[in-house]
Amino acid sequence: MTGKRRLKEHTRFLLMALPGALFIFVFLLLPILSIIVFSFWRTEVYELYADWNLDNYRVLLTEPTYMIFLWRSFTTAVVVAFTCLVFGWPIAYFIARYGGRYRLLMILALAAPFFTGIILRVSALQGIMGPVGAFNMVLMTFGMQPIEIIMFSRVATGIGLVYLYMPFMVTAIYLSLLNFDFELLEVAKINGARPWRAFIEITWPLNWMGTAIGLILVFVPSMAASVTPIFLGGPNGASFGSVLGKQFGETGTWAFGSAMGVILFAVSSLVIYLVWLSVDLQRSGFTGKEA
Amino acid sequence: MRRARTLDVLSKSGSGALLVLLYVFLYAPIAYIIYTSFSKNIAWPFPPQLSLRGYELLWVGRTYHEALYNSLTLGIGSAVVCTLFATIGSIAVLKYRSRWRRLIVITYLCPLFVANLLIGISSLLFNRQVLNLPGNIGSAIIANAVHGTAFAFLIMLAQMVRYDWRLDDAAMVFGARPLRCFWEITLPNTWPAMLGAFVISFILAFNNLEISFYNLGATQTLPSTAWGSLRHGLGPELPALAALVNGVVFLAFAVMYLLMRYRIVSFGHRE
Amino acid sequence: MILRLQSSDMSESVLRIEGVTKRFGSVTAVDALSLEIAQREFFALLGPSGSGKTTLLRIVAGLEAPDAGSVFINGTDVTELPPYSRNIGMVFQNFLLFPHKRVGENIVFPLRMHNVAQAKQKERLGWVVELLHLEGLEDRYPHQLSGGQQQRVALARGLISNPALLLLDEPLANLDRELRKEMEVEVRRYQLELGIPFIYVTHNQEEALTMSDRIAVMNSGRFEQVAEKHEVYTHPNSRFVAGFVGHSNRMRGALESIADGVGSLAWNGMSIRVPVPPGAGAGQSVEYFIKCEKMQLAGAGTAAPEGAFYNVIEGVVRDVIFKGAAADYLVTVGNGVELSVSDAGTDLSFAASDPVRLVWSIEAGSCYLAEDG
């Protein structure tokens with residue numbers, strides 16, 4: 001008889017789960033810890049000095065411009081996340097329910113635009129929505145006024161962000177619906193629930209966790225958006241993210257940039273925490289393990 | 001009864017129409033890019049004037065060949081790392097009991113909740129100050145893979161939650177060693193999930209700007225070339241290259257559609 | 001390795017487990033169990049869900065590692081061996097056929113895993129397909145088969161490699177009643193034909209009684225009784241077994257008096273004669289179980305057997321449940337309690353609201369000390 005000594009289940013779990021977890025710990029969590037440290041340092045001529053101080057935070061919290069940028073990014077992100085939610089739900093539902101064997105293809109078709117870089121796509125959006133863009137050109141050809149609100153404005157930035165991150169929302173809800181038992185809806189209907197009632201009582205709560213993940217997946221990059229506002233936002237479009245990016249580009253003020261990063265991280269984490277509080281694992285249908 | 005039926009049809013066709021609108025919205029800029037790739041003037045493409053100059057320049061230009069090669073390396077490198085970590089990680093979480101399970105799931109998912117920009121700058125500073133690593137394709141692959149692993153993990157978890165792991169038990173009882181069991185039973189039933197994870201993590205890294213930009217050093221990829229060329233106006237080669245990439249993608253979709261249409265490969269869908 | 005391993009140690013038992021224990025967190029699923037199963041034996045593990053029977057089976061298969069104790073197959077200690085080195089066959093609940101493999105591929109899977117030569121694989125496949133009447137189904141996929149056919153394929157896969165023993169984990173639970181009856185007989189026939197021990201896990205007492213030679217009744221991770229099936233049925237050795245095996249009427253009350261090993265149980269205003277459980281004294285609370293078919297129904301006023309070894313009580317038929325081969329009578333006795341009597345006669349001698357007399361020998365039932373409280 002051959003056969004090696006069996007490994008304990010727990011050992012097996014750790015052997016398989018730990019490499020990836022360690023990878024993420026070393027290359028994500030440690031870097032974030034390090035910028036928290038650097039945010040209390042000082043930069044001089046593209047070099048960091050361990051000269052502990054609170055100046056970066058003092059400037060950030062007292063100079064109104066930064067707080068305005070932060071507030072602007074935050075509100076844009078909230079609006080974008082909810083827009084994606086409203087439009088994303090029926091779309092994801094349609095794919096999961098009626099997509100049949102083409103479901104995977106339908107979802108991949110949402111991801112495929114990412115094969116084209118963000119800059120090309122956003123500048124193409126600019127080309128479509130801008131003052132001499134295709135959209136307004138058509139309007140003017142028919143003797144109508146061009147729609148000004150979609151040129152170089154926060155609305156334009158918002159449309160751009162919805163454009164970029166809507167696929168995340170749809171995919172998150174779709175993945176959740178994939179494991180949802182649609183027969184439960186029939187049970188609800190037989191017990192007298194009208195379609196809307198069945199949705200609110202059954203579908204929505206059981207898929208709230210996937211929806212919450214979708215909201216976060218849209219909110220987080222929208223809040224940190226830097227490229228889109230530069231292209232579509234016009235002269236007043238500067239966002240917290242684009243100013244943050246500048247600290248690591250032209251100006252090279254890394255310590256200050258780190259502090260901005262920490263604030264961005266803190267705000268996003270707070271929002272994630274608030275969303276997470278609303279997820280009741282017992283009632284989300286997530287039991288951790290099937291059967 | 002009739003009203004309910006009408007409502008059903010309405011909501012189905014309504015949401016279907018929304019999906020079509022979303023596709024139009026998503027692909028309009030792509031169509032626009034393809035259109036401009038054939039235009040004489042990229043910035044002012046109206047009225048249409050056809051030209052293949054972009055494609056000619058692309059054919060001879062070394063810069064873009066290199067950028068495409070680097071982007072492909074970055075995409076494939078990151079996708080391999082992501083799929084590997086996500087596969088073994090999600091199998092561990094789904095198959096084995098452990099009180100550490102929740103902690104592991106949270107760790108795998110937390111990159112989803114950190115913006116690209118933050119991953120970019122924090123790994124730039126960490127690599128530079130702590131590890132003393134210069135920016136190059138390797139550090140860009142690592143930084144992108146952190147982000148992609150979370151996506152790959154989420155996708156695999158959602159698709160494999162319904163896989164019956166007792167099939168593996170059955171295989172083991174009938175004499176299959178762990179690797180054989182993976183090859184004969186687990187893989188044939190879960191490869192669509194792995195393929196999905198691979199494709200998504202490839203896409204995310206291939207054209208990533210915000211993570212790669214801070215970690216690439218002097219290496220040029222497609223998006224960083226685009227970013228660089230913005231200062232003196234977008235070159236005509238970029239839309240041409242994007243049009244070609246999209247051509248390949250559409251071709252792949254067409255093949256996939258035909259495979260599904262004639263039920264040659266179901267990609268994990270069960271009737 | 002396909003041929004059964006001949007161990008040098010000529011112990012008779014094919015399977016021997018010693019002091020096997022398995023805990024999941026604070027729950028002890030299997031509690032220090034020992035057992036021996038001999039060649040040619042059909043052994044049933046019977047118990048309610050959560051009693052630990054499936055866990056015990058999985059430990060034997062090697063799918064679960066015990067926290068303590070050892071497992072021997074043909075005298076070899078296999079406790080530390082992984083499932084793929086144990087040479088056992090198994091039939092799973094829900095069949096667990098590989099959905100992406102054809103029936104033939106599913107069946108020869110164990111042979112391929114053991115690198116058996118192609119020609120030999122073919123020969124064995126032919127043998128098992130004939131044994132289980134699966135001719136012509138080899139090229140189908142599992143989802144194209146009926147439940148009964150899937151069941152046969154699962155059995156074929158379990159038997160093809162000529163295993164030392166076959167483990168069956170509630171294999172008939174998902175079949176409809178008719179098919180189950182048919183399969184019960186067939187499974188038993190295969191076991192007799194092949195002569196290897198079958199270990200059969202079930203929560204269905206009829207299955208256990210129909211097929212097995214010996215039954216172990218499990219409860220909370222322990223064996224309540226391990227014995228020949230007849231013995232388990234007629235002489236349950238604990239309250240749990242008496243309540244779980246067969247359909248019984250349960251009477252609970254205090255022992256009023258004891259004379260010559262016969263006690264008198266106060267139950268709903270009546271006095272029931274019961275055998276006195278060991279260690280019980282007057283005034284103690286006991287529980288008496290009498291199987292429905294052990295009671296006899298007679299017309300009111302007919303002569304009843306005299307003597308201290310019979311119970312005779314009067315009642316009124318409330319309802320008759322005709323089941324074809326037998327009929328159940330629900331009889332109201334004493335102050336309104338109901339007893340159930342099963343009668344093999346199908347002539348339906350009594351109808352609802354007929355006054356009747358229930359008669360049974362006290363030795364036909366069994367009596368235990370009641371649990372406190």
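Predicted model: local features only at pLDDT ≥ 70, side-chain atom pairs only at ≥ 80, totals over all residues.

Residues are numbered from 1 along each chain as its sequence is written, chains are lettered from A and ligands numbered from 1 in the order written, and side-chain values use heavy atoms, with hydrogens and water left out.

**Chain B against chain A**

| Item | Chain B and chain A |
|---|---|
| Residues in contact | 98 residues of chain B, 98 residues of chain A |
| Buried area | about 9300 Å² |
| Salt bridges | 0 salt bridges |
| Polar contacts | 12 residue pairs, both at pLDDT 80 or more |

Contact means heavy atoms within 4.5 Å. Buried area is the accessible area (1.4 Å probe) that two parts lose on being put together, summed over both. A salt bridge puts a side-chain nitrogen of Lys or Arg within 4 Å of a carboxyl oxygen of Asp or Glu. A polar contact is a pair of N or O atoms within 3.5 Å; within protein, one must be able to donate a hydrogen and the other to accept it, and residues adjacent in sequence count only if both atoms are side-chain atoms.

Of the buried area, 78% is on carbon and sulfur atoms. B:Tyr96, B:Phe113 and B:Leu125 supply 7% of what chain B buries against chain A, more than any other three residues.

**Chain B itself**

Chain B has 11 helices and 0 strands, counted as DSSP runs (helices H or I, at least four residues; strands E, at least two) numbered from the N terminus. Its C-alpha atoms fill a box of roughly 65 × 65 × 35 Å along the principal axes. Of its 271 residues, 55% are buried, meaning under 20% relative accessible area (1.4 Å probe, protein chains only).

**A helix in chain C**

After the helix comes C:Gly195, with a positive phi near 75 degrees.

**A:Ala255**

A:Ala255 sits in helix 13 (residues 254-277) of chain A. Its relative accessibility is 1%, so A:Ala255 counts as buried. Beyond its neighbours within four places in sequence, its contacts include A:Phe38, A:Trp41 and A:Leu48.

Note on methods
Buried < 20%, exposed > 50% of the residue type's maximum accessible area, 1.4 Å probe, protein only.
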